[in-house]
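Here is a short report for a reader meeting this structure for the first time. Start with the overall picture, then turn to one pair of helices.

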Amino acid sequence: MSENEIELGLSTRAIHAGSPPPAPGAPVVPPLVMSSTFYGGQADESAALRYTRYGNNPNQEQVAAKMAALEGTEASLLLSSGMAAIALTVLSAAEVGDHVVTSRYLYGATHQLFRQELPRRGIEVTFIEPGNEAEWKAALRERTRVLYLEVPTNPGLRMFDPRVPAALADEHGLLFAVDTTFASPVNVRMTELGAHAVIHSATKYLGGHTDLIGGVISGSREVVGGVRDLMKLYGPAPDPHMAWLLDRGLRTVVVRMARHNQTAMALATWFDERPEVEATIYPGLEGHPDHALARELLDGYGGMLSVVLKGGGEAADAFAETVSLALIAPSLGGVETLISQPRYTSHRHQTLEEREAIGVPDGFLRISVGLEDIDDLMADFDGALRASQR
Ligand SMILES: Cc1ncc(COP(=O)(O)O)c(C=O)c1O
């Protein structure tokens, strides 16, 4: 990011960073460059080889520059999914015989990657309680290479202090990676809190319109370069059309997040007072176990909200069958309100005991609060709450 861009506000960066400089007759919106390859390749210009799998198609580069400007990092890289960003970030720093320490609170596929995939490939993983500094320290081994955290967590919306693993990682020369998909760079810039690699599923708030799959990793040139090297070999490069859509989505990410934050806070307060609800989980509520930390570290509490209904799984099923405006679908971060039960979606591979241990019992509904009018959402949820207890 250039010195000038650092001084600009976040909305201005989201709109202008990464775009080619204005020129008479040039399009205001960067054009979609649907080309896999580019002229070049003679001996004297080999350093400038452009190929879309390398991540240096103009659309890919524009989004990467915009993301680096938003995160305040030297570099960013766009990949074809959030999982590609997570997997390649870890693999860029850990090889056979190495060890990773991570939180117990992870998105389901990330959990599976760490629990099954990495050990199958000779990388050992220790899961810890990330709010406990002693557990981070005790888990460290000679061959530990990566510390990994996801905050706010999916779907329990827990907040853990990244500064604890960040300090340990610096002390021991480890890579500290944070998935902060739920916050977006609008609600937190994780490198300011010590992260070396900041990961987002761009599929969610960054794209914001439920029409693309993508991932981003941001950090130093060295860290991002290591992930790019693997992207060239394993191949999960984003296609230019996705990059173009993401660039379009990012232009409004700041105003969208402000509205997500606002509506989710109001809805959380509303759910919290309903007799049908056993627990409302939202970091903005004073009763949330991590409220103080969330208030200190986040610029907004986010658009994700969870409720546990009285009556368990049956009540949650009835709620889901009754809503009509909110849509039943996995994923999150789009303009439309989506509801899912993690026991059927992201956490279906975990047992009830495992889910209960991370605060996801039956009856748990995850709500991705969209940008609809709040009165309409309340009317929809009011009917569904009543139906849930019949
Ligand atoms: C917190 C978090 N990280 C990563 C991912 C994976 O992202 P993608 O589906 O883009 O691979 C998800 C998807 O739901 C997520 O919620």
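Residues 24 or more positions apart supply 73% of the contacts in the protein with a separation of 6 or more. The model behind this value is predicted. The protein holds 15 helices and 12 strands. Of its 390 residues, 54% count as buried.

Size comes next. The C-alpha atoms fill a box of roughly 75 × 55 × 35 Å along the principal axes. A compact globule with 390 residues would have a radius of gyration near 21 Å, and the protein agrees, because its own value is 21 Å.

Now to the helix pair.

| Helix | Residues | Residues in the contact |
|---|---|---|
| α11 | 253–272 | T263, A266, L267, W270 and F271 |
| α15 | 374–388 | I374, L377, M378, F381, D382 and L385 |

How do the axes of α11 and α15 cross, and how close do they come? They come within 11 Å and cross at roughly 30°. Angles under 35 degrees count as roughly parallel, so α11 is roughly parallel to α15. The crossing of α11 and α15 is right-handed.

What kinds of residues make up the contact of α11 with α15? They divide into 9 nonpolar, 1 polar and 1 charged. On the α11 side, W270 and F271 are among the residues that take part. On the α15 side, the residues include M378 and F381.

Technical notes
Residues are numbered from 1 along each chain as its sequence is written. This is a predicted model: local features need pLDDT of at least 70, side-chain atom pairs count only at pLDDT 80 or more; totals for chains, interfaces and linings use all residues. Side-chain values use heavy atoms; hydrogens and water are left out. Axes are lines fitted to C-alpha atoms, for helices over the stretch in contact, and angles run from 0 to 180 degrees between N-to-C directions. Helices (H or I, at least four residues) and strands (E, at least two) are DSSP runs, numbered from the N terminus. Angles under 35 degrees count as roughly parallel, over 145 as roughly antiparallel, 65 to 115 as roughly perpendicular and the rest as oblique. A crossing is left-handed if the near helix is turned anticlockwise from the far one by less than a right angle, and right-handed if clockwise. Contact means heavy atoms within 4.5 Å. Ala, Val, Leu, Ile, Met, Phe, Trp, Tyr, Cys and Pro count as nonpolar, Asp, Glu, Lys and Arg as charged, and the others, Gly among them, as polar. The radius of gyration is taken over C-alpha atoms; the globule rule is 2.2 Å times the number of residues to the power 0.38. Buried means under 20% relative accessible area, exposed over 50%, partly exposed in between (1.4 Å probe, protein chains only).
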